[in-house]
Amino acid sequence: MPRRLLTVVGARPQFIKAAAFSRALAAEPGVEEVLAHTGQHFDDNMSGVFFRELGIPAPHRSLDIHGGGHGQMTGRMLEALEQVMLEERPDAVLVYGDTNSTLAAALAAVKLHIPLVHIEAGLRSRNRAMPEEINRVLTDHAADLLLAPTRTAIENLANEGLASRARLVGDVMYDATLHAIAEGRRTSTIVERLGLAGEAYAVATVHRAENTDDAARLARIVAYLRDVAQGRRVVFPVHPRTAARLRDQGVDTSGLLLTEPLSYFDLHRLVDGSDLVMTDSGGLQKEAYFHRKPCITLRSETEWVETVEAGWNRLWTGPEHAGPRRDIPDYGEGAAGAACVAAIRAFLDPYPQTEAA
């Protein structure tokens with residue numbers, strides 16, 4: 001009988017990873033994927049455009065859960081996802097990354113005794129004040145199969161007693177970025193539309209609550225971006241929450257080129273033509289490296305320590321990195337999606353079909 005895999009996504013980075021994985025899974029006979037979208041990112045610029053652009057089929061289940069505090073959102077997702085799992089009866093549940101959607105799906109799966117697979121397992125920022133850090137740690141300890149993108153992630157899992165569940169598969173974001181670079185160059189006109197052709201420019205994004213909800217910190221970050229802008233254009237696609245905070249706090253953004261959130265291929269085409277990336281996004285830090293663009297991370301720590309060690313990334317609060325830049329082999333060669341599929345296939349085979357929970 002075919003195996004049934006329930007994939008849960010809710011936020012923009014997860015749509016991108018799901019597209020890379022699902023393309024690889026489509027070539028695997030005997031595994032049916034059911035996609036559930038929690039609705040954590042619901043704005044068309046943050047959600048719908050990614051499904052259309054990346055060729056992801058419409059979700060089988062759309063829960064439309066967004067807004068509210070972390071506990072409220074996670075609780076509502078947990079209740080809804082439990083019902084989805086009871087109705088779909090998957091052989092395993094697949095989650096990505098470290099969002100509230102990730103944790104809610106993980107809790108629902110383990111309480112129903114459904115095997116749980118975590119892609120992008122083993123990342124650690126060591127900052128327990130970050131909701132994402134709590135989400136990723138709890139999900140890793142709940143999961144039955146941990147698909148890690150780097151050797152550092154494998155070491156983190158081993159240090160927490162989880163080595164037997166962990167597999168090194170490379171990074172599905174690299175698969176996705178290679179696809180996006182090619183498509184962006186082929187289809188996107190964003191550089192021309194913004195009048196940047198032939199100019200030196202940087203790309204900046206800010207969305208994490210630790211940066212947007214602290215008025216003084218947000219003002220310092222924007223002042224830093226404006227300082228950089230004195231030497232080049234800085235394109236700043238603004239997350240909806242960030243836009244509201246900038247407006248409410250009256251932060252001076254003069255000198256920056258603000259835009260609406262960009263489509264996936266437009267963002268990659270923009271990074272492709274830039275000479276610097278500044279971001280608090282974990283995903284964009286890596287994508288900057290995949291583009292071989294230097295990055296300044298607008299945080300006090302990063303879970304992608306290898307990008308710092310390899311000279312491509314530095315923390316904006318830290319010293320300039322003076323060492324030579326080098327490649328990072330851990331991320332693989334653009335075939336992480338296939339490696340994930342093989343690991344999941346091997347994991348599912350010993351399991352009997354899931355009975356009603």
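This is a predicted model: local features need pLDDT of at least 70, side-chain atom pairs count only at pLDDT 80 or more; totals for chains, interfaces and linings use all residues.
A polar contact here is a pair of N or O atoms within 3.5 Å, and within protein one of them must be able to donate a hydrogen and the other to accept it.

**View 1. E120 and its two lysine partners.** Let's start in the loop between β5 (116-119) and α5 (131-142), which is where E120 lies. The side chain of E120 makes a polar contact of 2.8 Å with the side chain of K17. The side chain of K286 is joined to that of E120 as well, by a polar contact of 3.3 Å. E120 has a relative accessible area of 10%, under the 20% cut-off, so it counts as buried. Beyond its neighbours up to four places away in sequence, E120 touches K17, K286, G97, L147, P149, M173 and W304.

**View 2. L147 within the largest nonpolar core.** Which residues have the most contacts inside the largest nonpolar core? They are F21, L81, M85, V93 and L147, in a core of 72 residues. Setting aside neighbours within four places in sequence, L147 is in contact with V117, H118, I119, E120 and A121, and also with R167, V169, C340, A343 and I344. A second, separate core has 21 residues, with A202, A204, V234 and L298 among them.

View 3. How many disulfides does the model have? The count comes to 0, taking a disulfide as a pair of cysteine sulfur atoms within 2.5 Å.

**View 4. Helices α1 and α7 crossing.** Here helix α1 (residues 12-25) meets helix α7 (residues 172-187): their axes come within 8 Å and cross at roughly 85°. That angle falls in the 65 to 115 degree range, so α1 and α7 are roughly perpendicular to each other. On the α1 side the contact is made by P13, I16, K17, A20 and R23, while α7 brings V172, M173, D175, A176 and H179.

View 5. Our last stop is E210, found in helix α9 (residues 209-212). Is E210 buried, partly exposed or exposed? Its relative accessibility is 27%, so E210 counts as partly exposed. The C-alpha atoms of E210 and P131 are separated by 9.5 Å, though the two residues are 79 residues apart along the chain. Leaving out neighbours within four places in sequence, E210 is in contact with M130, R217, R299 and E301.

Terms used:
Residues are numbered from 1 along each chain as its sequence is written. Side-chain values use heavy atoms; hydrogens and water are left out. Helices (H or I, at least four residues) and strands (E, at least two) are DSSP runs, numbered from the N terminus. Buried means under 20% relative accessible area, exposed over 50%, partly exposed in between (1.4 Å probe, protein chains only). Contact means heavy atoms within 4.5 Å. A nonpolar core is a set of buried Ala, Val, Leu, Ile, Met, Phe, Trp, Tyr and Cys residues joined through side-chain atoms within 4.5 Å. Axes are lines fitted to C-alpha atoms, for helices over the stretch in contact, and angles run from 0 to 180 degrees between N-to-C directions. Angles under 35 degrees count as roughly parallel, over 145 as roughly antiparallel, 65 to 115 as roughly perpendicular and the rest as oblique.
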